[in-house]
Amino acid sequence: MATSRATARALPAATLVLALVLSGCGARTDASGGSASSAAASCVDVSGDSVKIGLLNSLSGTMAISEQTVHDSLRLAVAEINADGGVLGKQLEVVAEDGASEPTTFAEKAEKLITDDCTAAVFGGWTSASRKAMLPVFENNDALLFYPVQYEGLESSPNIFYTGATTNQQIVPALDYLKEQGATSIFLVGSDYVFPRTANKIINAYAEANGIEVLGEEYAPLGHTDFSTIVNKVKAAGADAVFNTLNGDSNVAFFKEYKNAGLGPDAMPVVSVSIAEEEVGGIGIENVEGQLTAWNYYQTIDSPENTTFVEAFKAEYGDDRVTSDPMEAAYASVYLWKGMVEKAKSFAVGDIQEAAGGVTFDAPEGTVTVDGENHHIAKTALIGKIGPDGLIHTEWSSGEPIEPDPFLTGYDWAEGLS
Amino acid sequence: MTFLQRLLTNPRSRVLLGFALAAVLLFAVAPATMSTFRLNLLAKFLCLAMVAVGIGLAWGRGGMLTLGQGVFFGLGAYIMAMHLKLADAGPGGVPDFMMLYGSGVVPAWWEPLRNPVLAVLLVVLVPTALAVVLGLAMFRRRVRGAYFAILSQALAAAFAILLVGQQATTGGTNGLNGFRSFFGFDLTDPVNKRMLFFIAAGTLLVMVAVVRQLMLSRFGELLVAVRDQENRVRFLGYDPATIKVVAYAAAAAMAGIGGALFVPVVGIVSPADVGVVPSIGFLIGVAIGGRATLLGPVLGAVAVSWAQTSLSEQFPSGWIYFQGALFVLVVAFLPGGLASLVSRWARRRSAPPAPGAPAAGLAPEEAPVVGRSA
């Protein structure tokens, strides 16, 4: 008995040792801490008449309601490009994966799309956590990600193209607008995660330099729906405006409570950076009518490119659907990638990175241009007012595209933020 | 009887054969047939299976419905992640995210984790110590059944919220990721990834062996007795609280080790991996596999994770419905888990159950567990 027990334990151990001996040891990082780059060579197959691209959006979980719209928009762009002859004569073959609203799943699926499916580029991600989770995966494998959502800035990776706004194209213009309107005090309300916290750090720095008083800074956990305390604090503070970085369902509860407390766009306007056309319906038009938003695209933009985009989208997905900023940025990202590939005449990551600078696309929001240095794109900032029709109408525009400045190096007050 | 027949009918040699088979599958077949990506996925499943082994002991054998194993998994994972972050930053260095979101100074409670030996020890010791403290507090007061389940789940919720709130020191919702090396080995090198798989596979096999010994020992008998009739065990002069604390702490240690290996394998840990939902996820694998058996939890956890991944790859927009249907089917038709299929099959062949083997599936001892843990 005793011997067989001992064997039971010794056997796996012996196999383990054998396997370890056989496999040898891998590369060690050198003493300075830098890692020896040993990323596998790209396995993208461009020899056939089609090339694979990956779409990675949350199709389940809490973010699905938002990310599904981006997914639809990406598919529309791919269908249009394919109908138009593809990219460098090759049809695009979509591999879709579900990020499931979890950073870990995003990292895993990104790895799969790059190393297992051998896609030439991946489009997707929404939350900052999902982008941060994917960043090392794309850098280690030297692959490309197109990220279509406005975010908190302070980041620039050679392997990511950011087609949404960075802070100096959304938050800073919104603050400029409030200052122009004569606001001398603001109140900050946000969800408790990285985007609102970083955004508010920037807002505080701006406010200090521009003589605007920040009367309060309140955070609610993601998904929080009881806003009576926070709204009471907002009301008691009596600021000229509220800067809202709440995300998701919390907005519904916040705006209902805000209206119940007798506050409105005339007495104390709320500027939101995460409420687009899609969300207005969910919150209820009566609760947010007249409130302000800061984006780079609205469905109401009057241009031939936007008319075509909105009509094509409605034709594909139904008349009741609306188009929003992240959807437009996602749509543009596929065309920008196409532009880069055609300029580089190659699907290789290195060639695309080299060719990216200066690539333009006549997007629904207006002409956008890729910055070859920081991989963001120049965009026009628009402050909008939510109308009784549930759409957002441009109230103020920066007039021309603003060059992306993710680290806010062009602003004296932002020193020490990054 | 031929030698082969004897080998197959003798319970002890069957166990030995099982281990040998598992070892061959994990150490020879899997690396030879799977791509680096798939092997890495399997390594992740094995890490989750480690948590399941512990749950099998605490829930299947001890009747403690541990709805909060995410806490122990998370402690192990974050301790390892913090060590890897500090190691990447170099001696005296500051992890990148702290420069971005924090004060740029490493907090004092992070400092001990610079030491690799201490980090490895803490991976086991912190979850175990927490489980002992919690276990003593709960089991001494005879908290059990649904109350224990609710308490452990609340703990998981609180732990995740705590992590989210500490953006500057734990990475908040982003969690910790972007590890470059694992104790000096480059994590992007496929050879090192395979090594991690071997470490995970070896650790899991050791854990299964340990749990098997525990199940067969006097302690294992007592644990089952406590599950089924706690008062009678008390009247016999044993302290049920101590027995339960030991099982609970062992489960916590296994969850911690699983978490610690999960981090270098997957490359990220975030509050979404340790909260209520993943804690329930651990349990689902165990329930589907068969909680009271030795291998049921392991195979269940691996099978559920594998099904989750392949279903979501096949049907990215509808996989979650398939997964739900799978759970409903198993719960409705196989309440003892997939392991009960084996015992049914064995019963149909009217072979007497092997005396030494752990009771599988719908053994009589199953019934009270359902009632108590519900």
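Tutor: H3(B) passes H9(B) in a left-handed crossing; a crossing is left-handed if the near helix is turned anticlockwise from the far one by less than a right angle, and right-handed if clockwise. H3 of chain B covers residues 36-61 and H9 of chain B residues 190-216, and they pack at an angle of about 20° with their axes 9 Å apart. Axes here are lines fitted to C-alpha atoms, for helices over the stretch in contact, and angles run from 0 to 180 degrees between N-to-C directions. H3(B) and H9(B) are therefore roughly parallel to each other (under 35 degrees is roughly parallel, over 145 roughly antiparallel, 65 to 115 roughly perpendicular, and the rest oblique). The contact of H3(B) with H9(B) divides into 20 nonpolar, four polar and three charged residues. Ala, Val, Leu, Ile, Met, Phe, Trp, Tyr, Cys and Pro count as nonpolar, Asp, Glu, Lys and Arg as charged, and the others, Gly among them, as polar.

This is a predicted model, in which local features need pLDDT of at least 70 and side-chain atom pairs count only at pLDDT 80 or more, while totals for chains, interfaces and linings use all residues. Residues are numbered from 1 along each chain as its sequence is written, and chains are lettered from A and ligands numbered from 1 in the order in which they are written.

H3(B) packs against helix H14 of chain B (residues 296-314) as well, at an angle of about 140° and with the axes 7 Å apart. H3(B) and H14(B) are therefore oblique to each other, and their crossing is right-handed. On the H3(B) side the contact includes Leu41(B), Phe45(B), Leu48(B) and Gly60(B), and on the H14(B) side it includes Gly296(B), Val302(B), Trp306(B) and Thr309(B). Residues are in contact if their C-beta atoms, placed from the backbone, lie within 7 Å. By class, the contact of H3(B) with H14(B) holds 12 nonpolar, six polar and no charged residues.

Chain A has 13 helices and 15 strands (DSSP runs, H or I of at least four residues for helices and E of at least two for strands, numbered from the N terminus). Helix H3 (residues 103-116) and helix H4 (residues 128-141) of chain A have axes that come within 8 Å and cross at roughly 30°. That makes H3(A) roughly parallel to H4(A). Their crossing is right-handed. Residues of H3(A) including Phe106(A), Ala110(A) and Ile114(A) meet residues of H4(A), among them Ala133(A), Met134(A) and Phe138(A). The contact of H3(A) with H4(A) has 10 nonpolar, four polar and one charged residues.

The loop between strand E2 (91-98) and H3 of chain A contains Ala100(A), and Ser101(A) is found in the loop between E2 and H3. Neither is a glycine, yet Ala100(A) has a positive phi of about 55° and Ser101(A) one of about 60°. Ala100(A) counts as buried because it has 26 C-beta neighbours inside 10 Å; Ser101(A) is buried, with 22 other C-beta atoms within 10 Å. Buried means 20 or more other C-beta atoms within 10 Å of the residue's own, exposed 12 or fewer, and partly exposed in between.

Over chain A as a whole, buried residues make up 52% of the 418 residues. Among contacts between residues at least 6 apart in sequence, 70% join residues at least 24 apart.

The domain assignment, from an automatic or database source, gives chain A domain 1 (48-164 + 301-379) and domain 2 (168-300 + 381-414). Their C-alpha centres lie 26 Å apart, and 31 residues of domain 1 are in contact with 26 residues of domain 2. H4 and helix H12 (325-344) of chain A are among the elements that each supply at least two residues of the side of domain 1 touching domain 2. That side has 11 nonpolar, 13 polar and seven charged residues.

Trp295(A) lies in strand E10 (residues 292-295) of chain A and is buried, with 30 other C-beta atoms within 10 Å. Leaving aside neighbours within four places in sequence, Trp295(A) is in contact with Gln170(A), Ala276(A), Asp325(A), Leu382(A) and Gly384(A).

Conventions. Contact = placed C-beta atoms within 7 Å.
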